[in-house]
Amino acid sequence: MKLIPAYLRTVLLPALIVAASAGVALAQDIVLGASVQLTGPVANTGRYYRDAYQIAVDKINAAGGVKIAGQSRKLALKIYDNQSDVSLSVRQYTQLVTQDKVNLLLGPFASNFALVDSAVSEKYRIPMVQGGGASDQIFDRKFKYIFGTLAPASNYFGSTVEMMKALKPKPQSVALLYADDAFDVSVAEGTRPKLKEAGFNIVVDERYSTNATDFNSLLSRVRSGNVDVVLVAGHETEILNFIRQAKSLTVAPKMYSFTVGVPSDDFRRALGKDADYAFGMTAWLPSPDLKDRWFGDAQQFAKEYEARFGYAPDYHAASAVADVEAFVQAMEDAGSIEPTKVRDALAKIHFESLYGPIAFGENGQIDLPQVVIQVQGDSLAAIYGAKGFIQQPKYPMPAWSAR
Amino acid sequence: MKPWRSKPWRIAALVLALAAAAGVPWYGSDVLIQFGINALLLAVLAQGWNIIGGYTGYPSFGNSVFYGLGGYGVGIAMVKWGLPFAAGLAFGVALAVIFALTLGVLVLRLRGHYFAIATLALSQVMAAIVSNVPLADRNIGLVLPPLNNDPFFYELALGLLVAATLCIYVITRSRFGFGLIAIRENEESAAVMGVNTTLYKVLAFTLSGIFSALAGGIHAYWITFLDPDSAFDISLNVKMIIMAVFGGPGTVFGPLVGAFFLSAVSEFLSSEITSIAGLFFGLVIVAAVVLMPRGLADAIRNMHPLGWRYFASNVRAHRL
Amino acid sequence: MMDLLSQVVANGILLGGLYAVMAFGLALVWGVLNIVNLAHGAFIMLGGYLAWHLYYIVGLDPFLGLPITAVVMFALGYVVQRGLLNLIVRGPMFNSLLITFGLEVVLTYCAQLAFSADFRAINPVYAGHSVSIGTVVIPVVRLAAFAVALALTVGMWTFLLQTRLGRAIRATAQNLVAARLYGVEPRHLYAVTFGLGIALAGVSGALYGTVSQINPYIGASLTAKSFAISIIGGLDNPLGVLVGGLFLGIVESLTTLYIGPTYADVASFGILVLVLVVRPSGLLGKAA
């Protein structure tokens, strides 16, 4: 060691460490690789993906695995934690492909991650099916190897606006509040024309900073303007703040609806009784009508998921399971695990799953309608779908003191 | 003196190391190349910080502003105006220089902690301002045209690092450099001795900013995505400081070594222990500050005579 | 319009009170010990989790439980200073920044491992209640937090100026050697001061949990806010922190109303830069 000058030692050693850290892939298994946010600010949603990928792989293996050319092969999963760091996720996907030699890629959560990571799947021509990013930016680049199972952002409030037209008494004024990130801006841009077309008056149209904690000013404006409906496109923590501050400022519009949070277990738990009356939307509900080859139906899936992981799944989890199932279906359709063949099979795929009908548009994105849901007491009720009212909504929302 | 410590041998070793580093895109794996790009850019940032923080003694938390401006320079130029990458880099550097000259003069009047906080606040302000600028697509961020050429980015980053290190080497042997060190040691005396402290400080800040901006521009094009949060990321600034200080501030190679070492450790942890990688990294930093407060360079130099007692002596010297 | 303005100003004042409580601990540690604690926000977060557990597991109201939160966090702070930070106090000034950064990372990850990344909120029965003064609605919880802020300001002032321990702390800050000559044990005193700072952080965390949500990652932005307030108000006295907090709260609320919700950060950090450049000792600090 002494023969090597000290200043070279400190560079050689870490270089060796990096070169030595290689992953080992099992020979016969088909390996699906993913870099997910398991720690960092969005970890509480990231874990839905890790758990859902795992339960899907386990369930499919239990049923015999993937049947290709007469042979049954099992699936394996390799997941890295990208610590909510975009740069690291790119390097981890590169590592999954080049070093760990995984066969196919599953996506991360969040649009900006999916956007950047899709460059890796495109470069190495290995298909990535992701259920975490819905922003247009991801699909605007016309990449061929990225597929998405989250519905387009611009249509999130579509069914909500339809429902609003049918409410009695019909609301007049609307406040549209949205965070300033790509996804929420897309939601707002898609919602505005729908509202105008339906004849609603948008009295407050405000973009706020992502991670804003203080909605008091905006809420004061909602109150002084006597707004009937408030639509918020944002992130879980902002919406939690919004609702709690609405309560403390006694702001109670006739109705409010949020793009995230309402379908999720921990969100409703954090608010307790204050979650009542809140509207949201989901492209997925654990309904027995959604039949699935491996899980039976969505309701059984939800039960199994909750029994295993201790919390109820939401559309993130269902979307992630759909990603795994889409790959299996594509491999069986193509009769091969070769990436380009799987990719082509994915483009033409069409099957029913616990998440709903899986088919990708030309740009690689799925198109599913959103169902309007509402927190009613202790449960989540499906209110309005493609065919109209499923259940009666609790409308209008009473004043906070009258609850 | 042992033969391999003599100057010709050192130079030969350096050239060899440089050749080995430059050759990575040929013999290295894809993962290694990407790790290399990341580590090289961090090393550039650390060296850039070294100029204002290590040599001049002004701990800047604002280098992330230059990094972000460089990134947005490239982003706006390429996405909004359709200009080539080189033009984008030039634009980014121009932005950084303007910023350093105008705000630098104001902020460099402060010392120590106050300077640190002022620069930290500036980076937050810039992030907030940029998220409101329509030309930069506000908070949505810019999506740059993809370029599938990691070796290009690698060599570019390597070239930038060599330039930064050479720059520092030249500075240490110039009057400018002596002036900076004088400012660091005792600014009043330096002024009395005739050093134009304001000019020197602003120059150091600008130089540091130019390197940071170039690194930011390269990173933006490489990752193909840029938004205010990631461009003006404060934790990046802290990372570059840690790497510079860990390696040995105020030395030519210290920050370089610190950057590579810490990057390697972090990458290794992220791929092997994955979920608790962050935790371990934090522990490594805490341990390093307690046991090696003067940096890795100092530790290596003194490990030989003192051995493990070096760490204990450090603690004894700095504790209350 | 006048109604809206007065509501927004009231919002700002109440927000400012909460901000002030968050910044007290940081200002104390920084002003007295010259330790720049980048982990301050992480300690606020831990205080929040502590209060959450006290409420949901023991059933102790977060406000009534403040003394317990304070005591436990004090003990934590004492141990951290005595066992860790005291080791680097006489080293390069910079190292306090680095080590507290590392500490922040460690605390955040430990919280993630222990509590998961789920959001936790402290929802006592009165959490949504409010008091009305004319047309202005004042949430009870924020009013209580404001009262705590006032109480702490008065308390800290009295403590630092009137009590023996307080004066010993200030003496140590001024002149370590002289303090030693007076028989003050610096290691213990430093630890007590830091403990106090962390106790204050913990208390603000409990309050924060009743007003907003806790998750392991809230630390960083809270630290940044606390810095801004400490500087704007001035590190020299507790009243400065209160003024700084109020100032920032009102500025942010008014900016959100008149300029736009996405400009709040521009305003708060812009003012911070302005204060630093024009009057670094802060609004209430003694001019250098």
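## The interface of chain B and chain C

Across the interface of chain B and chain C in this predicted model, the rule finds 0 salt bridges, while 7 residue pairs, both members at pLDDT 80 or more, are in polar contact. Helix H6 (112-130), helix H12 (234-247), helix H14 (277-291) and helix H16 (309-318) of chain B each supply at least two residues of the side that touches chain C, and of the contributing elements H6(B) gives the most, with 11 residues. Sorted by class, this side of chain B has 28 nonpolar, 8 polar and 4 charged residues.

In terms of extent, the contact draws 40 residues from chain B and 45 residues from chain C, and the two chains bury about 3900 Å² between them, with 80% of that area on carbon and sulfur atoms. Leaving aside its neighbours within four places in sequence, Leu113(C) is in contact with Ile276(B) and Leu279(B). Within its own chain, Leu113(C) stands 9.3 Å from Pro216(C), C-alpha to C-alpha, although 103 residues separate the two in sequence.

## The interface of chain A and chain C

The contact of chain A with chain C takes 36 residues from chain A and 33 residues from chain C, and about 2700 Å² is buried between the two chains, 50% of it on carbon and sulfur atoms. On the chain A side, Ser217(A), Arg244(A) and Ser248(A) lose the most area to chain C, together accounting for 22% of what that side buries.

For this pair of chains the rule finds 1 salt bridge across the interface, and the side chains that meet in a salt bridge there are those of Arg47(A) and Asp118(C), at 2.6 Å from N to O. Polar contacts between chain A and chain C come to 16 residue pairs, with both residues at pLDDT 80 or more. The elements of chain A that give two or more residues to the side touching chain C are helix H2 (43-62), strand S9 (201-208), H8, H9 and H10; H9(A) gives the most, with 8 residues. The residues of this side of chain A divide into 9 nonpolar, 15 polar and 12 charged.

## Salt bridges within the chains

Over all chains the structure holds 25 salt bridges. Side chains of opposite charge can pair when their charged atoms come close. In chain A, Asp228(A) forms a salt bridge with Lys254(A), the closest N and O atoms being 2.7 Å apart. This pair links distant parts of the chain, 26 residues apart, since Asp228(A) sits in the loop between helix H8 (216-224) and strand S10 (229-233), and Lys254(A) in the loop between helix H9 (236-248) and strand S11 (255-258). Asp228(A) is buried, with a relative accessible area of 9%, whereas Lys254(A) is partly exposed at 31%.

A second pair in chain A joins Lys394(A) and Asp276(A), whose closest N and O atoms are 3.4 Å apart in a salt bridge. The two residues are 118 residues apart, Lys394(A) belonging to the segment after strand S19 (388-389) and Asp276(A) to the loop between helix H10 (265-271) and strand S12 (279-282). Here Lys394(A) is partly exposed, with a relative accessible area of 29%, and Asp276(A) is buried at 15%. In chain B, Glu185(B) and Arg184(B) form a salt bridge with closest N and O atoms 3.0 Å apart; Glu185(B) is exposed at 55% relative accessible area, and Arg184(B) counts as partly exposed at 32%. Also in chain B, Arg111(B), Glu187(B), Glu188(B) and Lys201(B) are linked in a network of salt bridges.

## A buried serine and the cysteines

Ser159(A) is found in helix H6 (residues 158-166) of chain A and is classed as buried because its relative accessible area, 11%, falls under 20%. A polar atom of its side chain lies 2.7 Å from the backbone oxygen of Gln370(A). Apart from neighbours within four places in sequence, Ser159(A) is in contact with Gln370(A), Val371(A), Val372(A) and Tyr384(A).

The count of disulfides over all chains comes to 0. Among the cysteines, Cys167(B) is buried, with a relative accessible area of 18%, and Cys110(C) counts as partly exposed at 37% relative accessibility.

How values were computed:
Residues are numbered from 1 along each chain as its sequence is written. Chains are lettered from A and ligands numbered from 1 in the order in which they are written. This is a predicted model: local features need pLDDT of at least 70, side-chain atom pairs count only at pLDDT 80 or more; totals for chains, interfaces and linings use all residues. Side-chain values use heavy atoms; hydrogens and water are left out. Contact means heavy atoms within 4.5 Å. Buried area is the accessible area (1.4 Å probe) that two parts lose on being put together, summed over both. A salt bridge is a side-chain nitrogen of Lys or Arg within 4 Å of a carboxyl oxygen of Asp or Glu. A polar contact is a pair of N or O atoms within 3.5 Å; within protein, one must be able to donate a hydrogen and the other to accept it, and residues adjacent in sequence count only if both atoms are side-chain atoms. Helices (H or I, at least four residues) and strands (E, at least two) are DSSP runs, numbered from the N terminus. Ala, Val, Leu, Ile, Met, Phe, Trp, Tyr, Cys and Pro count as nonpolar, Asp, Glu, Lys and Arg as charged, and the others, Gly among them, as polar. Buried means under 20% relative accessible area, exposed over 50%, partly exposed in between (1.4 Å probe, protein chains only). A disulfide is a pair of cysteine sulfur atoms within 2.5 Å.
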